[in-house]
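The following exercises concern the structure shown below.

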Amino acid sequence: MKILKIGDAENVTLGLQEEIRRSEESRYDHRLHGVLLVAQGLKCCQVADLLGDAPRTVAYWVERFEEDGLAGLQEGARSGRPSKLKPDQMADLQRVVRGKPSEVGLSGNLWDGKTMSAYLREKHRLELGPRQCRRLLRQWAFRYRKPRPVIARADPLKQAAHKKTPRSGRQ
């Protein structure tokens, strides 16, 4: 049989894993596949590598399956506070942070925790602290980069004089 390859496999893998995490049913099916592979003789470490989970997670699935059967693989209650953001607010926020804050009437060119917090307060009447906003930016793989200062009308000769010069005899 011909060997098939998927282009950009790393991004495709990440996208598929996100899709699995999106719904209870797909997470249940994911656990079923993990337990099935262990039942067929693979070790938890091997299954974890194949499915993109931690080996201990796969071991928990097997233990719960052994104790409670299929019911042990069902989604249980999740701890933690429910999100203040509703799904439509989350989608709006993700759309907005792909642009500049100035496009939605805020000052600045980069999104940071304070700017996102101000946007949520103005647009959605929602109080979310800057630290929580930074956490969201990190979860969405946005990175804050400080702008580098641009010296207006700088003298090129003074800039060249200011730059470090390589030491003689070293390369």
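**Exercise 1: The positive patch**

Helix α7 (residues 130-139) supplies four residues to the positive patch, the largest share. The model under study is predicted.

Task: State which residues gather in the patch of positive charge on the surface.

Solution. The patch is formed by Lys114, Arg131, Arg134, Arg135 and Arg138. Lys and Arg are the residue types that count as positive.

**Exercise 2: The position of Arg134**

Task: Determine in which helix Arg134 lies, and whether Arg134 counts as buried, partly exposed or exposed.

Solution. Step one: Arg134 is part of helix α7. Step two: the relative accessibility of Arg134 is 40%. Step three: buried requires under 20% and exposed requires over 50%, with partly exposed in between. Arg134 therefore counts as partly exposed at 40% relative accessibility.

A further step relates Arg134 to another residue: Arg134 and Ala118 are 16 residues apart along the chain, and their C-alpha atoms are separated by 13 Å.

**Exercise 3: An aromatic pair**

Task: Classify the arrangement of the rings of Trp111 and Tyr119 as stacked, tilted or edge-to-face.

Solution. Step one: rings of Phe, Tyr and Trp pair if their centres lie within 6.5 Å, and by this rule the count comes to one aromatic pair. Step two: the ring centres of Trp111 and Tyr119 are 6.0 Å apart, and the planes stand at 85°. Step three: planes over 60 degrees apart count as edge-to-face, so the pair of Trp111 and Tyr119 is edge-to-face. To complete the picture, both Trp111 and Tyr119 are buried.

Methods: Residues are numbered from 1 along each chain as its sequence is written. This is a predicted model: local features need pLDDT of at least 70, side-chain atom pairs count only at pLDDT 80 or more; totals for chains, interfaces and linings use all residues. Side-chain values use heavy atoms; hydrogens and water are left out. Patches are made of residues with over 30% relative accessible area and no salt bridge: like charges are joined within 9 Å, nonpolar side chains (Val, Leu, Ile, Met, Phe, Trp, Tyr) within 5 Å. Accessible areas come from the Shrake-Rupley method with a 1.4 Å probe; for residues, only the protein chains shown count as cover. A salt bridge is a side-chain nitrogen of Lys or Arg within 4 Å of a carboxyl oxygen of Asp or Glu. The place of a charge is taken as NZ of Lys, CZ of Arg, CG of Asp or CD of Glu. Helices (H or I, at least four residues) and strands (E, at least two) are DSSP runs, numbered from the N terminus. Buried means under 20% relative accessible area, exposed over 50%, partly exposed in between (1.4 Å probe, protein chains only). Rings of Phe, Tyr and Trp (its six-membered ring) pair if their centres lie within 6.5 Å; planes under 30 degrees apart count as stacked, over 60 as edge-to-face and the rest as tilted.
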